[in-house]
Amino acid sequence: MPAVTAVSAARLPISVLTGFLGSGKTTLLSRIIRDPRMARTAVIINEFGEVGLDHLLVAKADENTVLMDSGCICCTIRSDLADTLRDLYLRRLRDEVPEFDRVVIETTGLADPAPILHTLMTDPLVAARFRLDGVVTTVDAVHGMGQLDAQEESLKQAAVADRLVLTKTDIATPEAVDYLKHRLKELNPAALVVDAQTEEALPVLLFDAGLYNPETKSLDVQRWLRAEAYDDHGHHHDHHHHDHDHDGHDHDGHDHADCDHDHGHCEHEDHDHDPNRHDEAIGAFCLTFTQPLVWDELVGFLETLARLRGPDVLRVKGVLNVVESDQPIVIHGVQHLFHPPVQLDAWPSDDRRSRIVFITRNVSRQVVETLYASCTGKSVG
Ligand SMILES: Nc1nc2c(ncn2[C@@H]2O[C@H](COP(=O)(O)OP(=O)(O)OP(=O)(O)O)[C@@H](O)[C@H]2O)c(=O)[nH]1
């Protein structure tokens, strides 16, 4: 059996805020910093200038750190992220900065979030003090479609998100917003999609996306995995059936026939047949196993998958029923790296099937199922 770790409230949750260039990360952060509900948050940014802190600034702790009257701490990144986090934690211990309960890290717009997630998982000091709560990705409702088409980084940022924040919905057409929502749903069915403009409670909705639910003070695997969101999806690589019914109606029953083609958002047929569109490459699916799994077999399969296709396995999350344990085991990986598995106290419901969610690039469900069968001699199901 694996060496399982406990997820506890003692490790501070970190949210990684990502999103393409100009998609509204900084605008969102300045809202978070001002919001009294977000007091006791430490925000790590690239530069102070970006967030426009002038009116909020209460005290400057040093050249890297400022304290806000709302209770937030804001610091710029030092030599690297691990260094910055270690330093922040030490200063918290020494009471040099106010106590904070969570951290938000803003990435640069072109960043692939995976290396940041790897730092959180692999740096021993960081991993001992902090845990990943979730990935929050801003998507621009005006330019997001074009960015998803043209920029694979943008697609990866949206695909690995736990929360998707639609920005600029105030200046996009309702049809464009609607269509973007559909596309995001196809790409990442389990992520909660929130509208930056209309959602008063936005800062609150962005956090507590992780396995640990601070409200119940317990591990809440159903809320974290949201495996049921994949039930109607998983048509990864199914080029002709994603996004829309071909009668011009989407699933909400809205007619897109008259939407604004100048914005390039609604050229349905073109999207369906564009060979450069990356959506066919990136997608999400959930494998369900009725029979309990043998831990070593599963590890062998995941290691082989990581070895063969590591960079293309963007995220893996799962709850497992293994023959070696009466309690469920939770796994979580980003590319070739896995968090230490976590053992839950009990099954959240009577459903004791193992479920593993994959978000991949150019690795179809069929490829993963075939690999599982060849590694274990058993079929998925
Ligand atoms: N109308 C409107 N404008 C927005 C919204 N969100 C952001 N913007 C504007 O979009 C521009 C880019 O926003 P930023 O918050 O700087 O975006 P960013 O993702 O931090 O940009 P980079 O750091 O360059 O990657 C700014 O001019 C913002 O004022 C929104 O919801 N509505």
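## Domain arrangement

The C-alpha centres of domain 1 and domain 2 are 26 Å apart. Domain 1 covers 12-228 and domain 2 covers 280-376, with bounds taken from an automatic or database domain assignment. The model is predicted: local features need pLDDT of at least 70, side-chain atom pairs count only at pLDDT 80 or more, and totals for chains, interfaces and linings use all residues. Residues are numbered from 1 along each chain as its sequence is written.

## Contact between the domains

Domain 1 contributes 19 residues to the contact and domain 2 contributes 20 residues; two residues are in contact if their C-beta atoms, placed from the backbone, lie within 7 Å. On the side of domain 1 that touches domain 2, at least two residues each come from α3 (113-122), α6 (152-159) and α9 (221-225). Helices (H or I, at least four residues) and strands (E, at least two) are DSSP runs, numbered from the N terminus. The most is given by α3, with 5 residues.

By class, this side of domain 1 has 14 nonpolar, 4 polar and 1 charged residues. Ala, Val, Leu, Ile, Met, Phe, Trp, Tyr, Cys and Pro count as nonpolar, Asp, Glu, Lys and Arg as charged, and the others, Gly among them, as polar.

## Strand pairing around β5

Strand β5 (residues 73-76) runs parallel to β2 (residues 41-45), joined by 4 bridges; strands pair if DSSP finds at least two bridges between them. I44 has C75 in β5 as its bridge partner.

With β4 (residues 65-68), β5 pairs in the antiparallel sense over 3 bridges, and L67 is partnered by I73 in β5. The hairpin of β4 and β5 has 4 residues between the strands, and G71 takes a positive phi near 105° in this hairpin.
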